[in-house]
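Reader: I have a model open and would like to go through it. Can you take me around?

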Amino acid sequence: MGYDYALVHLTYTIPPAVLLSLIYWPLSTRLDVYRILFLITIAVVSTIPWDSYLIRHNIWSYPEDVVIGWTLFRIPLEEVFFFVIQTYNAGLLYLLLNKPVLGSVHLVREKPGRSKWKYVKLSGSIALALAIKKGIEFVRQGKERTYLGLILIWALPFLFLLWNLAYQFLVNLPFTSTLVPIALPTAYLWLVDTWALQRGTWVISSGTKTGLHLWPGSLEVEEALFFSLTNCLIVFGLVAFDNAIAVLHTFPAHFPRVPELPSPMLLVKALLLPAAAYNDDRILGLQRCVARLRAKSRSFYLASSAFQGRLRIDLIILYSFCRVADDLIDNAESTAEAKEWVGKLKQYLDYCYGGAVKTKDGREISPRDPNQGVVTQWVMSQFLEDARHTLFMLPTERLGKEPLYELLRGFEMDLEFTGSGEGRGGMVGGPIKTEQDLDVYGARVAGTVALLCIQLVLYHYPEGMKEEKAKRLMKAGHDMGIALQYTNIARDLEVDARNKRVYVPPGWLKKEKLTPESFVSGVLKQGGAKDQDEFFMKKVNTIRGRLLDRAFEFYHRSRSAIEELPPEASGAMRVAVESYMQIGRELRRPGWKSKGGRATVPVGTRLWVGWRALLGPR
Ligand SMILES: CC(C)=CCC/C(C)=C/CC/C(C)=C/CC/C(C)=C/[C@@H]1[C@@H](COP(=O)(O)OP(=O)(O)O)[C@]1(C)CC/C=C(\C)CC/C=C(\C)CCC=C(C)C
């Protein structure tokens, strides 16, 4: 009896497990626990018969004085624990690296007939089948390649199966999601083996090993291969699991209801759904939405990783809709063109929420069901390709119409700025006359967005939600939206002024002895100037401070309501809110960093704020 093998765990495998658990714990979901338990069960069950065979046939052995002595089917318990902890460590690393990845965008619809994917699948399968054949030959020869052969014929059939189930997903996922979680634990175990196990904690019989070493005097090639293939098995297993989850969440037409923890049968059913049956438009649409979110908002992109399943998908589409609409209006070349876009967006909502639609030949049909082709054609003819996918996917059946129309009213307020002199308040005054006007503007462009987000949350997690509580949540969410909008205005003060938009109420400007016009010209003068007018910048900072005070007033008033949201969404909502409000906190720091004239939150701070937000309220 001895403790050497146990000490290897205490020194090398348990510490990374503790570290990874601490990092991942706030990000973990019930589905993650299910994933890991599922995989550990398969790993242990599939390895025990093989390992027990190796020990019973003396292919490897454990000196009595290095193990405690308790065994399972002749396998020392330390070894059984190794299967568990290796799967846990590599699995957790995979989950951590895959948190930002939305599986749906890595699915591919295979067109019937010849496609490159058929060849990809075939090449992988042939390579694996040839390697299995080699393994069988090695074992048959019964000489020094026996152990090598036994590793191959044990691990590769599983890899063959997983490859055939999830080859597209495996190839399409970024390297950081597949190669890194294989390579890092493998390299680590190679080093551990080299450092710690040379003392003979386990021994491969000399007649059944090649005697080759990975590098001189150290790791035997069989060990190196064993570690790399087991890590491949863990990652391939998780990729196949996530492939099934992505199919379940992406295609409601095939899987209308998906339980939070899908049964193994349902997972297999999803994996076996032919790729030719995937909805190409939905995959492409989601790819565009994710790309838009990633390019346009770091805060919401980070926060989207913390949401799960179909709620995450719906929020990403909602973001895309808000962004597309805002950009269409903001980037229009004239007020007239912007108004036209507002009109078209309203008409789109009329179609989605209205009763009947008139066709060209005067017939009245419902836009919602069978004949919605009319709406599709209308969207196709009125909007550019980039916007169409989002409009087709917006889940209007889960969103109330009022906040969407109100959002458009908010965008219309912006139009009152454009075209000097057209605004109510003179040259650049625009629609904001008082603090109340600014609250109304914030409510329209951001309070509405919050209402839409909460509607989606309550749709996906309706359990135990009473009407009164829902109303309270809506009110608080609406206020939180306004808080974010005040932060947004404080961040973009200079950028907006350069576009002749001043959202600051004239009363606030007057206090600093400024008018909208003098504010704009002051900002324009500072633009390229090396020596900034300190006096003017002080005034700008006072105004910014006032906007931030108001932002945090709304924030403090409403943030406790986040805890009343369903637990599946409250942590992620906290991430969304906190990572945006962090912009406000940065702006309060002297010498804040900016990019393109806008304050930015350094990546490290952003990640820390997001992680911290998942732990609980500040
Ligand atoms: C995680 C995830 C994908 C969330 C999606 C959130 C979402 C749908 C955001 C839409 C953003 C958007 C483009 C809206 C158009 C109008 C607009 C510009 C509003 C301003 C957003 C700023 O975005 P950004 O900085 O990228 O914009 P510009 O570059 O300046 O153009 C806003 C500041 C509003 C955003 C408001 C919210 C997301 C609502 C926040 C409140 C909640 C989530 C509710 C919290 C719940 C309780 C109970 C308190």
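Author: What follows covers the overall layout, the ligand shell and some helix packing.
Author: This is a predicted model, in which local features need pLDDT of at least 70, side-chain atom pairs count only at pLDDT 80 or more, and totals for chains, interfaces and linings use all residues. Residues are numbered from 1 along each chain as its sequence is written.

Reader: Which domains does the chain have?
Author: The assignment gives domain 1 (4-278) and domain 2 (285-615); such bounds come from an automatic or database domain assignment. Their C-alpha centres lie 44 Å apart.

Reader: How many residues does each domain put into the contact?
Author: Domain 1 gives ten residues and domain 2 gives twelve. Two residues are in contact if their C-beta atoms, placed from the backbone, lie within 7 Å.

Reader: And what are the helix and strand counts for the chain?
Author: The chain has 23 helices and eight strands. These are DSSP runs, numbered from the N terminus, with helices being H or I of at least four residues and strands E of at least two.

Reader: Switching to the ligand. Which residues come nearest?
Author: Of the 36 residues around the ligand, C322, A446, A450, G477 and M480 come nearest. A residue is near a molecule or strand if its C-beta atom, placed from the backbone, lies within 6 Å of it.

Reader: Which helix gives the most to that shell?
Author: Helix 17, with eight residues. Helices that each supply at least two residues include helix 11 (309-330), helix 16 (435-460) and helix 17 (467-491).

Reader: What is the shell's make-up by class?
Author: The shell has 25 nonpolar, seven polar and four charged residues. Ala, Val, Leu, Ile, Met, Phe, Trp, Tyr, Cys and Pro count as nonpolar, Asp, Glu, Lys and Arg as charged, and the others, Gly among them, as polar.

Reader: Helix 14 next. Which of its residues are buried?
Author: In helix 14 (residues 385-393), A387, H389, T390, L391 and M393 are buried. Buried takes 20 or more other C-beta atoms within 10 Å of the residue's own, exposed takes 12 or fewer, and partly exposed lies in between, with C-beta atoms placed from the backbone.

Reader: What covers them?
Author: The cover for the buried residues of helix 14 includes helix 9, helix 11, helix 12 (335-353) and helix 13 (373-382).

Reader: Last one: which residues meet between helix 21 and helix 22?
Author: From helix 21, R544, L548, A551, F552 and Y555 meet M581, G584, L587 and R588 of helix 22. By class, that contact has six nonpolar, one polar and two charged residues.
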